Amino acid sequence: MSDAEEALVQEQLEALHDHHADEHEEDIVSIALPAAEGEEDVFGLAGTSVDGTQWTVGDCEFRFPLQSISKVVTYALALEDNGRETTLRHVGVEPSGDPFNSITFDDEHQRPHNPMVNAGALVAAYLVHGETADEKIERILARMRTFSGVPDLEVDQELLADQLAAADRNLAISYLMRSLGMLTGDIEENLRVYLSMCSVRVTTCELSALGATLANGGLNPLTGQQALSQGHVRDVVSVMMTCGMYDAVGEWATDVGIPAKSGVSGGIVAAMPGRLGLATFSPGLDEHGNSVRGQAVFRELSLRYGLHMFASPDQTRFGRLRRTGGPRLTRA
């Protein structure tokens, strides 16, 4: 990437951030985490390209919990530990059409609909290899460090304790799945694995690096470490595209067309295969549990700059410079 194109991307991201920073307050339905009350104006936007170039705008050093975005890494490790076919027997890849915490399953195959809803993520945590919950937690955490390139990522133990104390619905889902044969063993220990991953805090910049690793075939462009094989990356990114935005995924796939995963803390991570990872953080949520400002940014990236997966090359204007009428470079 040339210096001119790198500067243009920064300019475009700053324009997006400025445009949406003071908008959309009327669309916010909730702030899911009590600790985030009063942080409605926190807004970070970051990108990491597959060549390692990074851009940051706004509150990109603010740390927030991954929440459901952690499901991406847990599912990735479940795939690696068990293989695609075995994993698929335990958790499907179809959109559920229901909220992320619904108590519904794929009754025909006796499995959760997909690994991006809570039921499926609980099964994915169960599938990760490890003799104890602590071993599983450390293995998934180590993989998160490889994906993000951040060696000191840790579980926020205070946040984890709060989530365990309010885990009745996830316990209900877990016990029902055990009664149906979808899980075995210690339900509460498996829940601790899942919620520990939800309690890892990252910055928007670090999250964009995770997205770039997925965009780069599983190779972290900042560290050169392979976080996941290319075949499993394809499976993970495909499920992000079809299931990553809860029950708003059909609208997202049509309007935005970028594989992504959201979390109720207000984060969104996206991966444009072969190009870059993008991340936003803003804690104000819509009725589906997705960040309002984050979605607005991605919609504009798709509509204005042509980042939709199915846009033609001539529609893509993000970070592109073109020559018109002579040697002078003109911003597209």
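**Helix α1 in the predicted model, residues 3–21**. Helix α1 has 19 residues and reaches 27 Å from its first C-alpha to its last, close to the expected 27 Å; the expected span is 1.5 Å times one less than the number of residues. Helices (H or I, at least four residues) and strands (E, at least two) are DSSP runs, numbered from the N terminus. In this predicted model, local features need pLDDT of at least 70 and side-chain atom pairs count only at pLDDT 80 or more, while totals for chains, interfaces and linings use all residues. Residues are numbered from 1 along each chain as its sequence is written, and side-chain values use heavy atoms, with hydrogens and water left out.

**Buried residues of helix α1**. Glu-5, Leu-8, Val-9, Gln-12, Leu-13, Leu-16, His-17 and His-20 are buried (under 20% relative accessible area, with exposed over 50% and partly exposed in between; 1.4 Å probe, protein chains only). An α-helix has 3.6 residues a turn, so residues three or four places apart point the same way.

**Hairpin of strands β1 and β2**. Strand β1 (residues 44–49) and strand β2 (residues 54–58) run antiparallel and are joined by 5 bridges; strands pair if DSSP finds at least two bridges between them. Thr-48 has Gln-54 in β2 as its bridge partner. The hairpin has 4 residues between the strands, and Gly-52 takes a positive phi near 95 degrees.

**Cys-198 and Cys-243**. The count is 0 disulfides, a disulfide being a pair of cysteine sulfur atoms within 2.5 Å. Cys-198 is in no disulfide, and its nearest cysteine sulfur, that of Cys-243, is 17 Å away, too far for a bond. Cys-198 is buried at 2% relative accessibility, and Cys-243 is buried with a relative accessible area of 3%.
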